Amino acid sequence: MDLNTLKQTAARRAVEDVEDGMVVGLGTGSTAAFAVSALAERVRLGLRVVGIPTSERTARQAEAEGIGLGTLAEYPRVDLTIDGADEVALGELALIKGLGGALLREKIVAAASERLIIIVDATKLVERLGSHGPLPVEVAPFGWQATARALERLGGQANLRAQEGQAFLTDGGHYILDCRFGPIARPAELEAAIDRIPGVVESGLFVGMASAVIVADEGGIEVLTP
Ligand code: 5RP
């Protein structure tokens, strides 16, 4: 089975939890995009939902596929958000998110949600966060070099994310510093320390937020809960 089939399998399973009348947070990334498509299929069959997108990209996809959208101003309470992740720590189910660049809106929508269902293929599971890749940290463009130095004092090697020779800009107009910390022993402590740095808008550490993680691998689906 290829990775896309696994992502789609996890996405379809998560969308089964959506009920008529729900306000649904729509995540960002290739796995979340499968969930948007699976939800749109159900909408075409008569399911009524309001989608709260976590990025401009997801908003465009959802609109194109026929899902009605709302905002947190109109719907401050989100019933269920379905989103992907870059790494999931076994056990407490802390997450790294943000390689897709949408971590700020993703965290705001997740925090406003009754339930956050994370959908991944099994390659995303790790013993310790930071084992596979960097931790994305969204920062203000002003003085980003000073913010990077402060992140390096916490032990992370910070690289400004670039796209086509320019600094990558998030939907909120911020930069992203991809920080290599190596395996992270205490994610909650690191998240708090990062949040205290002036210039940091949000980190891609999502600790204590996932209600469930749906993992797809060759053997089928497993639902992990914290
Ligand atoms: C975007 C994210 C994504 O959920 C994360 O990067 C996973 O993406 P994909 O499903 O494409 O692997 O956090 O900001």
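1. Let's start with a pair of residues you can find in this predicted model: Val88 stands opposite Leu125 in strand S7. The strands S4 (residues 87-89) and S7 run parallel to each other where they pair, and two bridges join them. As a reminder, strands of a sheet pair through backbone hydrogen bonds, either parallel or antiparallel.

2. Where does this pair sit in its sheet? The sheet is open, has four strands in the order S7-S4-S5-S14, and its pairing is mixed. S7 (125-126) and S14 (205-206) are the edge strands; each has a single partner, so one side of each has no neighbour in the sheet.

3. Now step back to the whole protein chain, which has six helices and 16 strands. Its C-alpha trace spans about 50 × 40 × 30 Å along the principal axes. A compact globule of 226 residues would have a radius of gyration near 17 Å, and the chain agrees with that, at 17 Å. Buried residues make up 49% of the 226. Among contacts with a separation of 6 or more, 75% join residues 24 or more positions apart.

4. Which residues touch the most other members of the largest nonpolar core? They are Ala35, Leu39, Ile118 and Ile119, in a core of 62 residues. Helix H2 (residues 30-44) gives this core its largest share, eight residues. Setting aside neighbours within four places in sequence, Ala35 is in contact with Ala11, Ala14, Val15, Gly27, Ile82 and Ile119. In soluble globular proteins, nonpolar side chains tend to be buried together.

5. Helix H4 (residues 103-111) is worth a look too. Seven of its nine residues are buried, so the rest of the structure largely encloses this helix.

6. Helix H5 (residues 144-153) has Thr147, Ala148 and Leu151 as buried residues. These three cover an arc of only 100° around the axis, which puts them on the same side of H5. The general rule is that an α-helix has 3.6 residues a turn, so residues three or four places apart point the same way. On the face turned away from the buried side, you will find the exposed residues Gln145, Arg149 and Arg153.

7. What do the buried residues of H5 pack against? Their partners are strands S8 (135-139), S9 (157-160), S12 (175-180) and S13 (200-203), together with helix H6 (187-195). Just after H5, Gly155 takes a positive phi of about 105°.

How values were computed:
Residues are numbered from 1 along each chain as its sequence is written. This is a predicted model: local features need pLDDT of at least 70, side-chain atom pairs count only at pLDDT 80 or more; totals for chains, interfaces and linings use all residues. A residue is buried if 20 or more other C-beta atoms lie within 10 Å of its own, exposed if 12 or fewer, and partly exposed in between; C-beta atoms are placed from the backbone. The arc is that of the directions from the helix axis to the C-beta atoms. Two residues are in contact if their C-beta atoms, placed from the backbone, lie within 7 Å. The radius of gyration is taken over C-alpha atoms; the globule rule is 2.2 Å times the number of residues to the power 0.38. A nonpolar core is a set of buried Ala, Val, Leu, Ile, Met, Phe, Trp, Tyr and Cys residues joined through C-beta atoms within 7 Å. Two strands pair if DSSP finds at least two bridges between them.
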